[in-house]
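Please read them with the structure open.

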Amino acid sequence: MEFVPAPAVHRVLCADCGTPIIPNSANLCVACLRNTVDITEGIPKQASVAYCRNCERFLSPPSAWTIARPESPELLSICLKKLKGLNKVRLTDARFIWTEPHSKRLRVAVTIQKEVLTNTILEQTFEIEFLVQYGQCTDCTRLAAKNTWKALVQVRQKVPHKRTFLYLEQLILKHNAQKDTISVKEVRDGLDFFYSQRSHAIKMVEFLNGAVPIRSKSSEQLLSADTHSNTANFKFTYSVEITPVCKDDLVCLPQKLARSLSNIHPLAICTRVGNSLQVMDVASLQTADIPAQVYWRSPFEALASVTDLVEFTVLDIEPDRSKSRGKFVMADAQVALASAFRSTGKVDEDDMMDFDATGLATTIFHTRTHLGAILQPGDTVLGYHLTNANYNSADFSDLPTHLIPDIILVKKTYPNRRKKSKQRSWKLRSIAKEAGEEGETGAGRGVVGRMGGRDQKKVEEDYELFLRDLEEDPEMRAGVNLYKSVKSGDANDARMTAPGAGGPAHGGSKKKKDKGKGIGGMDVDMGETGAAGVEDGDEAEPDFPEVQLDELLEDFDEMTLGNDEDAGEDA
């Protein structure tokens, strides 16, 4: 095979240093060319980036604030946007050089290319140092100042209890609807939610519209206006009113509304509150849904709430399995006031005076109930006593006397089990309160119960009733996140006590015996924690509702708005 020599490479000497080089248009070597022409001219070697320590965001020019992790592509993009003159060269590579996290310095190695002479492209790598300057973004500036919110959502419900807002707080936490909230303030009949943007407030109103029956209206206030640029600054307020009817309330529907709802009996109880009200006639198991629009066209109020319930003892029950609707079964029941069967303890004379005067303390009542599936002879049930009831309602006054039953049974109760001061194996989370909030005087949990004073005791009673509703209603628990209680004796544990009792969950002593007054004047003896808390001869109900372990979630501190200390509020 014949050898073919490679073509000769012609070389010339560099015009400056005389080094042999391949011929080019400049007749200069690379070193001399870099000394002659600086392609990094016009690109600063030092720059600064703004960083907000409150929300941990960087300023992305011109006015956007972006969350960026250290040495991330997002942070590299922000740094390169701060450099002037990069549009005159070709950027081929950029990377971070490691620095100490506390040094407040960012070092970036940049590689650029530029055509310096005819058909001559020069590439150069150099280092740029960025100084991290602390500052405040526009959102954090509004938070630091007072009265700088842009939108306000006022949620009100004109009822004497806080159970609706306790449940609403859990719905907000479950769906993470509080993420855009600046602050929450408790007022007399509800809560105020503050937002930095109008869209966030509208989103909260839409969430409330899907959770509870409401009506809303909006207003705006002009703060400033610029006639030259035709711009204005407004504050927006959204007023949301929740229907004053809650679960287990006794209602009397207007005659016109009752006829439009398949001619349902006007005297009914509210069995469910969602985005509409569901009422049921306990004597016929007929139910009707009342949307919010229908309710506000002909509004009505509750005749009685759960605080007016009276304890009855079931003497006999005859369920009719052929008449049922879902979990409800029609039954004929014979009941009597629970006070007629008490052999121990003193009965409050004020509570039983009316019954004794009319001879009703030992009267046996015959009624129809929807609780035939769960009631047994000897059980204790709560109901409304209508024999001598006097309600300030024109619709109730118009009802014929023969259509008003003596009593209406509402739900089963478990007095023997409630006598135990037993810790629940689950707890609830709450929206953490902000320290030092204006107008805050109490040490209440979350956003409900901050006002302190006389209102605090009422909130504790409402909270215990709310916990009982969660235990006894699986459908209600489906809309709430329940968390495992970490350890016994933890402050987060929900302890079963009588409303208003000074048990361990309410700051009382575990060994202190106190007579707690419960619903409908029932006396509850709060004894020591343990099996001895039940009086002799009283056995705990076997069908007491227990929250199953698979319904509980693990405890995560990041689920609340506040810090770890506020996240451990009492449940």
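**Notes on the predicted model**

1. Five strands make up an open sheet with mixed pairing, in the order E10-E11-E9-E13-E12. Strand E10 (181-187) and strand E12 (214-226) are its edges; each has a single partner strand, so one side of each has no neighbour in the sheet. From one strand to the next the twist averages 15°. Strands (E, at least two residues) and helices (H or I, at least four) are DSSP runs numbered from the N terminus, and two strands count as paired if DSSP finds at least two bridges between them.

2. Residues are numbered from 1 along each chain as its sequence is written, and side-chain values use heavy atoms, with hydrogens and water left out.

3. Overall figures. The protein chain has 13 helices and 28 strands. Of its 571 residues, 46% count as buried, where buried means under 20% relative accessible area, exposed over 50%, and partly exposed in between (1.4 Å probe, protein chains only). The chain exposes about 30600 Å², of which carbon and sulfur atoms supply 48%; areas come from the Shrake-Rupley method with a 1.4 Å probe. Among contacts in the protein chain with a separation of 6 or more, 66% are between residues 24 or more positions apart; a contact means heavy atoms within 4.5 Å.

4. Which residues of the largest nonpolar core touch the most other members? They are Val153, Val155, Phe193, Leu208 and Leu428, in a core of 40 residues. A nonpolar core is here a set of buried Ala, Val, Leu, Ile, Met, Phe, Trp, Tyr and Cys residues joined through side-chain atoms within 4.5 Å. Two or more residues each come from strand E9 (151-156), helix H4 (163-174), strand E11 (190-195), helix H5 (198-211), E13 and helix H11 (454-472). H4 gives the largest share, seven residues. Not counting residues up to four places away in sequence, Leu208 touches Val153, Val155, Leu168, Ile214 and Val240. Another core, of 34 residues, lies apart from this one and includes Leu28, Cys29, Val49 and Leu106.

5. Helix H2 (residues 73-81) has Leu75, Leu76, Ile78, Cys79 and Leu80 as its buried residues. These pack against six strands, listed here: strand E3 (46-52), strand E4 (57-60), strand E5 (64-66), strand E6 (90-97), strand E7 (105-117) and strand E8 (120-135). E6 and E7 run antiparallel and are joined by seven bridges, with Arg107 in E7 as the bridge partner of Ile97. E7 and E8 also run antiparallel, joined by twelve bridges; Arg107 has Glu129 in E8 as its bridge partner.

6. Strand E19 (residues 310-325) and strand E20 (residues 328-337) pair in the antiparallel sense over ten bridges, and Ile317 stands opposite Ala333 in E20. The two strands form a hairpin with two residues between them, and Gly326 in the turn has a positive phi of about 65°. E19 also pairs with E22, again antiparallel, over four bridges; there the bridge partner of Val310 is Gly383 in E22.

7. Two loop residues can be set side by side. Ser393 is found between strand E22 (380-385) and helix H9 (394-397), and counts as buried because its relative accessibility is 17%. A polar atom of the Ser393 side chain lies 3.5 Å from the backbone nitrogen of Asp395. Asp16, in the loop between strand E1 (12-13) and strand E2 (20-21), is exposed, with a relative accessible area of 54%. Leaving aside neighbours within four places in sequence, Asp16 is in contact with Leu28, Cys32 and Thr36. The C-alpha atoms of Asp16 and Cys29 are separated by 8.3 Å, the residues being 13 apart along the chain.

Terms used
Predicted model: local features only at pLDDT ≥ 70, side-chain atom pairs only at ≥ 80, totals over all residues. Polar contact = N/O pair within 3.5 Å; in protein donor to acceptor, adjacent residues only side chain to side chain. Axes fitted to C-alpha atoms, helices over the stretch in contact; angles between N-to-C directions.
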